[in-house]
Amino acid sequence: MLVCVLTATVLLGGECLAKTGNYLSPVSVVADGDERVLYVAEATADQVAVFDIAPGEVTGTIPVADNPTGLAISADHSKLYVTSAVPAGRVQVIDIRRGNVSDSIAVGHTPVAVVASPDGETLYVCNQFDNSIGVVELGSKTQTAKIAVTREPVAAALTSDARFLFVANHLPAGAANGDYAAAVVSVIDTAARKVIKNIELPNGSTNLRGITISPDGKNAYVTHILARYQFPTAYLEQGWVNTNAMTIIDVPGRKFVNTVLLDDVDLGAANPYGIVCTADGKNILITHAGTHELSVIDRAGLHRRLLPARTARTFRSEICSTVGTKHHDASYSADDVPNDLTFLTGLRRRVGLAGNGPRGLTVIGTKVYAAEYFTDSIGLVDINSDIRHRAKSVPLGEEKALTKARMGEMFFHDASHSFQKWHSCASCHSGGGRACALNWDLLNDGMLNPKNTKSLLLSHKTPPAMITGVRANAETAVRSGIRYIQFSSPWVQHARAMDEYLKSLEPIASPYLVSGKLSTAAKNGEKLYSRAGCVRCHGGTLYTNMGKYDVGTGTGEDVHREFDTPTLVEVWRTAPYLHDGRAATIRELLTEFNKDDRHGKTSDLSEKEIADLAEYVLTL
Ligand code: HEC
Ligand code: HEC
C-alpha cells in the first residue's frame, strides 16, 4: 500500500509523484454465499478481485469491461452481477464456479448499482444518468422495463418479500432558488413496476450515497449530506455549511421517520457513503469517504432515543411533565433532531480507518470490510474489539506512485483538509468535480445573492471563473476554495494537484444522444441553435466565447447583471440552470426566463421548436 500519500512531508517534497498510474480504485465489496471470499469491484482496473478472507489476501482477479462499480450475488450464490458504469451500460454476469464472465446484458446509461431478487429471476439496476431503474429479466437476459425515478439513482434496497424497492436519488431535482431543495427516496412497487411514492428528505439533503434495509425489514437507512445552503458560507463551526447525515425511513409505512447527524459538535464526519446493518440487526455501519472512518451505530439505542423525540412533537409538555426531562439535549421535538449535533452521543463510535477514501462496505459477523478507493486496499475493522486497536488496511495490489492528477483527486475528496473536517470539495462538487444542484451564498461576490454550484468540468479552459467572473481563472478559484470554503491554507503542491485533477476531467457522452448521434429532433434543434443566435455566445468546441453579458437574468437583490457565459458541455447533468438555479429545465430557461429575447431569440419558436432546441442543448 502506498503509505506515503498520507504524509505531508512527502506531499511537499513531491517525490511520490509519477507520470502514470494504473490504479485499482476499489468501490464496492460483497461476500460470497459461504462468506469465505469477498469480491471487490476495482473501478479503474476493469476487474473484480477475489479476496480470500482467511489468509486475508487476493487470490485472483476476474477481468470485466468498463468501469465495474456495483456488485450483487444471486440468491443461489452461483452468479456475481457487476455493473459497468459507462454510457452504453451493461451488467456483466460472472459464473462464480468458473470464475469468468458468462453473459453481458445491455442496460441504461451508467449503471452504478444492482440488486438481485431473492427468486433469482430479476435484477434491478440503478441507471444513474438515465434517471431510471432498469428491470432485467434473467430468463431472457434483457432489460425489459425502465422505471423513471427523480434524479441519478445510485443505490437501492429491496424488501425481503421483494415487493418494494427503495431507491436513493443522488441529487435534488427542480429549481434551487425556492425555500426547499432536497433529493428524495423513491419507493417502487415491483409488481406494478412504478414509483408509488417519493419520500421527501429534509431541506438541503443532497449527495445521497447508500441505502440499506434492516434485517427485520422495519427500517431503511440512507446516507447523505444535509447542506445548510440557506446561510452565507461565513464559517464552518457547528455544521454551518455542510452537515453529514443518515435518514431513517419506516419501511412498512413507507414514510420518513427522521434524519440524524453523524458529525460531532466540533468534528465533522464528512461524506457518508456506504451503509449496511449487521446480520443481527444490532448495528448500523457507515463509511465516511471524506474522513476515512467507520461509524458504528447502536441501532436499538437510536430508535429508543428517536421515540420520545417523535411523540414530543405533539405531547411536548406532557413528556416534560411525565418524564420530567427533555429526551435528549437539544432535541425537544422531532423537528429538532436534524439540527442536533449531540443526538448520537453515546450511541455511535467513530473508528478511524487506515486507508483513504472508503466507499462500499460489507459485514460478516462483527468483521467489517470496506473498499478503500485511494489506497487500493480493503479496510478491516472488528467492531467487537477495542476501538483503540487500529483498523487494518490490506493492499489489493502492488504499491503505486501517485500521479499529480490522482493526488489532486484524493485531496478534492478529502475533508481532513477542511477546518474540523466538515466537508470536502466533493461535498458540493459531487459526481467527480460536478455539482450538488444547490445554491450557495459564497462571499466572493457579496452577500445574499446565492449562486448555483458550478460543475468544474472545463473550468481551467474557460476563464474567468465563477458565474460573475470574480476570479480571474480556475487556478485562483481553487486556491480561494481551499482558503474561504475549506477554511484551510492552500499548499502549493496541494492546489497544483487539484488543478491537474480538474484539468483531467473528461465530459461524459450525453444520454440524449441516440447511439452516439443526434436524434431527428436534436438535428432540428441544432439548426435552431444557430437561428436563435445561441452560437454567438455559446459557439466553438467549448460552447462559450468566455464573454460577460447581461442576458436579462439579473434580479432585484443582486448587484450583478452581467454573467460569464458558461460552457454548455455536459449541461444535461447540471440542472438546475442559470446563476441562481431558477430554471429546472432548459425549456424553462428558453421560455419563462427569456420573455424579452435577451438570451437568444426564442419568442418566435413554436412549442415543438423549443422542445427540439432543448433536446439539442441536452446532447452537448
Ligand atoms: C459549500 C459548497 C462548495 C464547496 C465545499 C466548494 N465549492 Fe467550489 N463552488 C461552489 C459554488 C456555489 C460555485 C459557483 C459560484 C459562482 O458561480 O459564483 C463554485 C465554483 C467553483 C469554481 C469555479 C468554476 C468555474 O468554472 O467558474 C472552482 C474552480 C471551484 N469552485 C473549486 C472548488 C474547490 C477546489 C473546492 C475545495 C477546495 C471547492 N470548490 C469547494 C460551491 C462550493
Ligand atoms: C449574449 C450572449 C448569449 C447568448 C446569445 C446566449 N447565451 Fe446562454 N448564457 C449566456 C450567459 C451570460 C449565461 C449565464 C446567465 C446566468 O447564469 O444568469 C448563459 C446561460 C445559459 C445556460 C445555462 C447554463 C447553466 O449551466 O446554468 C444555457 C443552457 C444557455 N445559456 C443556453 C443558451 C441557448 C440555448 C441560447 C440560444 C437560444 C443562448 N444560451 C444564447 C450568454 C448567452
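Visitor: How many salt bridges does a search of the whole structure find?

Guide: The search finds 25 salt bridges, a salt bridge being a side-chain nitrogen of Lys or Arg within 4 Å of a carboxyl oxygen of Asp or Glu. This is a predicted model, in which local features need pLDDT of at least 70, side-chain atom pairs count only at pLDDT 80 or more, and totals for chains, interfaces and linings use all residues; side-chain values use heavy atoms, with hydrogens and water left out. Residues are numbered from 1 along each chain as its sequence is written, and chains are lettered from A and ligands numbered from 1 in the order in which they are written.

Visitor: Which residue meets R299 in a salt bridge?

Guide: D216 does, with an N to O distance of 3.0 Å between the side chains. R299 belongs to helix α2 (residues 299-322) and D216 to the loop between β19 (211-213) and β20 (219-227), so that distant parts of the chain, 83 residues apart, are linked. Helices (H or I, at least four residues) and strands (E, at least two) are DSSP runs, numbered from the N terminus.

Visitor: Is R299 buried or exposed?

Guide: R299 is buried, its relative accessible area being 7%. D216, by contrast, is partly exposed, at 44%. Buried stands for under 20% relative accessible area, exposed for over 50%, and partly exposed for what lies in between (1.4 Å probe, protein chains only).

Visitor: And D376, what does it form a salt bridge with?

Guide: The partner of D376 is R406, with the closest N and O atoms 3.9 Å apart. D376 is in the loop between β28 (367-372) and β29 (377-382) while R406 is in helix α3, so this pair ties together parts 30 residues apart in sequence. D376 is buried at 7%, and R406 is buried at 4%.

Visitor: How many residues of α3 are buried?

Guide: Seven of the nine are, and α3 is thus mostly covered. Among the buried residues of α3 are R406, M407, G408 and E409.

Visitor: What about R434, which residue is its salt bridge partner?

Guide: R434 pairs with E570, and their closest N and O atoms are 2.8 Å apart. These residues are 136 apart, R434 in the loop between α5 (430-433) and β32 (439-440) and E570 in the loop between β35 (563-564) and α10, and the pair links distant parts of the chain. R434 is buried, with 6% relative accessible area, and E570 is buried at 0%.

Visitor: Which residues are linked in a network of salt bridges?

Guide: One such network joins D264, E293, R348 and R350.

Visitor: Changing topic: how many residues surround ligand 1?

Guide: The shell around ligand 1 has 24 residues, and C425, C428, H429, S459 and M466 are the closest. A residue is near a molecule if one of its heavy atoms lies within 4 Å of it.

Visitor: What is the make-up of that shell around ligand 1 by class?

Guide: There are 14 nonpolar, eight polar and two charged residues. Ala, Val, Leu, Ile, Met, Phe, Trp, Tyr, Cys and Pro count as nonpolar, Asp, Glu, Lys and Arg as charged, and the others, Gly among them, as polar.

Visitor: Which element gives the most to the shell around ligand 1?

Guide: That is α6, with five residues. At least two residues each come from α4 (425-428), β33 (451-452) and α6 (474-484).

Visitor: Which atom of M466 lies 2.6 Å from an oxygen atom of ligand 1?

Guide: It is a backbone N or O atom of M466. A backbone N or O atom of I467 is 2.8 Å from an oxygen atom of ligand 1, and a polar side-chain atom of K454 is 3.0 Å from an oxygen atom of this ligand. A polar contact is a pair of N or O atoms within 3.5 Å; within protein, one must be able to donate a hydrogen and the other to accept it, and residues adjacent in sequence count only if both atoms are side-chain atoms.

Visitor: Which residues are the closest to ligand 2?

Guide: Of the 24 residues surrounding ligand 2, C534, C537, H538, T553 and H599 are the closest. By class, its shell has 15 nonpolar, eight polar and one charged residues.

Visitor: How far is a nitrogen atom of ligand 2 from an N or O atom in the side chain of H538?

Guide: That distance is 2.8 Å. H599 places a polar side-chain atom 2.8 Å from a nitrogen atom of ligand 2, and H579 has a polar side-chain atom 2.7 Å from an oxygen atom of ligand 2. The elements giving two or more residues to this shell are α9 (534-537) and α10 (586-590).
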